[in-house]
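Work through the exercises below with the sequence and the model at hand. Each task is followed by its solution.

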Amino acid sequence: MNQQGELLRKANELQESSNKLLELENAFRKANVSEAELRANVGIDLAKEKLGNIRETRESAARFSMTGNPEDALAFAQSLEKTNKALGNGTQAFDRLRVKMEEINVSAANLSGDLISTGIDGAKTGLKQLFEDISSGAKESGVGWVVFGFFFGLFFFDRITEHNID
């Protein structure tokens, strides 16, 4: 039994050595690949990348045409920018402008949700301050509510103005 274990161990060592030798031979082949084969492989990789970008752009355009969502329009603009860069088409300035315009459209589409969520947060903060001012005697109740309403309205005015500037 002991002899069989020793033979098995030696066989495993030989197999491992053989695997390492095959790895070395494969690495040697890859290192000594001809310039023509190397250029062909790189060319194939570049072509596959460009074709993949074109497909992504077509898919995002189709998705946007089906949904009309601002997020899909932004995805299309970003994909088109990436594809144009990979293909060397178009100008980066117009592509970047297209992406920025779509980001503004997404922001505009999300304005109502943004106003609600930030308005609730602003109201919580304002009410906390109002109650602290009234309880500490720093402000009378009527004055505190006027100040709260003023700052709450100012908050919405600032956010809407910011949106209009965009």
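**Exercise 1.** Is the crossing of H3 and H4 left-handed or right-handed?

Solution. The model is a predicted one, in which local features need pLDDT of at least 70, side-chain atom pairs count only at pLDDT 80 or more, and totals for chains, interfaces and linings use all residues. Residues are numbered from 1 along each chain as its sequence is written, and side-chain values use heavy atoms, with hydrogens and water left out.

Step 1: find the helices, which are DSSP runs of H or I with at least four residues, numbered from the N terminus. H3 covers residues 70–87 and H4 residues 92–109.

Step 2: take the axes, lines fitted to C-alpha atoms over the stretch in contact, with angles from 0 to 180 degrees between N-to-C directions. The angle is about 165° and the axes lie 8 Å apart. H3 is therefore roughly antiparallel to H4 (over 145 degrees).

Step 3: the crossing is left-handed (the near helix is turned anticlockwise from the far one by less than a right angle).

**Exercise 2.** Find residues of H3 that meet H4.

Solution. Contact means heavy atoms within 4.5 Å. Among the H3 residues that meet H4 are Leu74, Ala77 and Glu81; the H4 side includes Arg96, Val99 and Glu102.

Terms used
Helix = DSSP H or I, 4+ residues; strand = E, 2+ residues; numbered from the N terminus. Parallel < 35°, antiparallel > 145°, perpendicular 65-115°, else oblique.
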